Amino acid sequence: MGRIDVILPYNPTSDFQWNLRQLDSDLIHSVIVPYTGKRGPLSRRVESLAAESFPGGSCLMAVLERCKAGFVLMIMPGQKVRLGPRTLERFLDVALDTGAGLIYCNFHKEARTRDVREHPVIDYQVGSVRDDFDFGPLVLFSKQCIDQALSKHGPLDKGKGAGFYDLRLKVSIDSQVIRIPEFLYTRLGTEDPTSEARRFDYLCPKNRETQIEMERVVTNHLRRIEAFLEPRFDRIPRRLLPKTASIIIPVKNRERTIGDAAKSALAQEANFNFNVMVVDNHSTDDTTRILQKLARNDPRLVHLIPSGKDLLIGGCWNEALYSRRCGTFAVQLDSDDLYADTLALQRMVDRFEEGDYAMVVGAYRTTDLNRQEIPPGLVDHREWTRENGRNNLLRVNGLGAPRAFYSPLLRNHPFPNVSYGEDYAVGLRLSRHYEVGRVFEPIYVCRRWEGNSDAHLSIEKSNQHDTYKDRLRTLEIMARQRMNRGDD
């Protein structure tokens, strides 16, 4: 059986010593400890290495050069783990049986309350190129696959925070990435951040330098796998519909918020004609009555109830999109949310008229139901650039809001009938060929409350969402590769 070099980043807490004690095994060849700044005394059985940052690329390259065993086990920074009785043996068994380049597994979580729960992770795909993919605290690499990847694809990015991201992308090009569907160890003491917090980590200004590095890494990866798109865009044949714009609101059972949303839409002031199309997906609370009353008082509100009962959010969007009453530009408003002022619609349509755009995306603020700002606050996606936005979109989980579409083109590429990721799917598809315009000023209010469809998600539901978006990325990468080969 092979042996393992372990990379264990130093920290001055008792967690580090705990992790070190877990590594008392004949399978361990060496323990390499990268550290920043001062460190305490270490036992003779470890090899320390001063490092400016970890997992920065230069530091990780220096650590990997010291790894001489057949396999490299990384314990991710800030994690405290308890290995099972055969954790290392099982990792090695799978590594030797498969020849995989990277192996990870499910794990248990034990909170400070001693409550133990399962934390399943998901399978890796070609499209798992987002930088927040959850491998868990332990990742085993084949040293041979690392050496081959670095020899073929070049050294790791020299930035301070993207080394691990760059390494696993490079290894994944020519080697398998395998998840062991077993709970082989326990992560101790650290609570999961909420899915909402994880979703917006990359928008925090203090993370901007790392995000630039991450974008550089994914861009180079897309070039290597021939999925990168140059900033050349197809022209859009224009065709005007009778109405200039439609605000589209899919809704089901939102009696607390639908009235505010619809009134916010109807309050828009514009120098063109528009309507508000609310697709009421067979609500069973007071939503339908509220909409019927609003429609009686304002003929601009089109209250649609689908004939079938098998539609999700994407299907409801299509119901409005293919309606003869849909305008040239279809502008999103979720049933929980509001426009920031009465000129939001005008600004979105004006942006369409300033360029040849298939889609325009605005910026928003997150608030509670009373419009008091809550984290992350302003979400403007200023990482988007004309030159590289559609490539970087494969790394991040969304485009922003509100989203608006050129309806005649969207009818050729409609929404998938799902209730998560439908907008991301369309954004990927349209941006493959066409330019996306941005409005970076906040014109939308995203109200977070306990009734949101993505509030308090279980790990199983979060995994389902992540798997779906990774699948969308996989399909999009395949399509872009075909297009670059001239097969499209």
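In this predicted model, helix α1 spans residues 14-21, and its buried residues are F16, N19 and L20. These residues cover an arc of only 100 degrees around the axis, which places them on the same side of α1. An α-helix has 3.6 residues a turn, so residues three or four places apart point the same way. S14 and R21 lie on the other side of α1, where they are exposed. The partners of the buried residues of α1 are strands: β2 (28-35), β3 (46-50), β4 (71-75) and β5 (81-83).

Contacts of T36, leaving aside residues up to four places away in sequence, are made with A51, E52 and S53. In the case of A51, a separation of 15 residues in sequence corresponds to a C-alpha to C-alpha distance of 5.3 Å.

| Helix pair | Angle between axes | Axis separation |
|---|---|---|
| α2 (residues 57-65) and α5 (residues 163-174) | roughly 60 degrees | within 8 Å |
| α8 and α9 | about 25 degrees | 10 Å |
| α14 (residues 422-433) and α15 (residues 459-485) | about 15 degrees | 10 Å |

The axes of α2 and α5 cross at roughly 60 degrees. That angle makes α2 oblique to α5. On the α2 side the contact is formed by G57, L60 and L64, and on the α5 side by G163, F164 and L167. Four residues of this contact are nonpolar and two are polar, with no charged residue.

Helix α8 (residues 258-266) is largely enclosed by the rest of the structure, because seven of its nine residues are buried. The buried residues are I258, G259, A261, A262, S264, A265 and L266. They pack against both strands and a helix, namely β10 (245-251), β11 (274-280), β12 (301-304), β14 (338-339) and α9 (287-297).

With α9, helix α8 packs at an angle of about 25 degrees. The two helices are therefore roughly parallel to each other, and their crossing is right-handed. Helix α8 contributes I258, G259, A262 and K263 to the contact, while α9 contributes T287, I290, L291 and L294. By class, five residues of the contact of α8 with α9 are nonpolar, two are polar and one is charged.

Helices α14 and α15 pack at about 15 degrees, with their axes 10 Å apart. This angle makes α14 roughly parallel to α15, and α14 passes α15 in a right-handed crossing. The contributors from α14 are Y424, A425, L428, R429, S431, R432 and H433, and those from α15 are K469, L472, R473, E476, A479, R480 and M483. The contact of α14 with α15 comprises six nonpolar, two polar and six charged residues.

Strand β15 (residues 357-367) includes Y364. With a relative accessible area of 8%, Y364 falls under the 20% limit and is therefore buried. Y364 and V445 are separated by 81 residues in sequence, and their C-alpha atoms are 5.5 Å apart in space.

Key:
Residues are numbered from 1 along each chain as its sequence is written. This is a predicted model: local features need pLDDT of at least 70, side-chain atom pairs count only at pLDDT 80 or more; totals for chains, interfaces and linings use all residues. Side-chain values use heavy atoms; hydrogens and water are left out. Buried means under 20% relative accessible area, exposed over 50%, partly exposed in between (1.4 Å probe, protein chains only). Helices (H or I, at least four residues) and strands (E, at least two) are DSSP runs, numbered from the N terminus. The arc is that of the directions from the helix axis to the C-beta atoms. Contact means heavy atoms within 4.5 Å. Axes are lines fitted to C-alpha atoms, for helices over the stretch in contact, and angles run from 0 to 180 degrees between N-to-C directions. Angles under 35 degrees count as roughly parallel, over 145 as roughly antiparallel, 65 to 115 as roughly perpendicular and the rest as oblique. A crossing is left-handed if the near helix is turned anticlockwise from the far one by less than a right angle, and right-handed if clockwise. Ala, Val, Leu, Ile, Met, Phe, Trp, Tyr, Cys and Pro count as nonpolar, Asp, Glu, Lys and Arg as charged, and the others, Gly among them, as polar.
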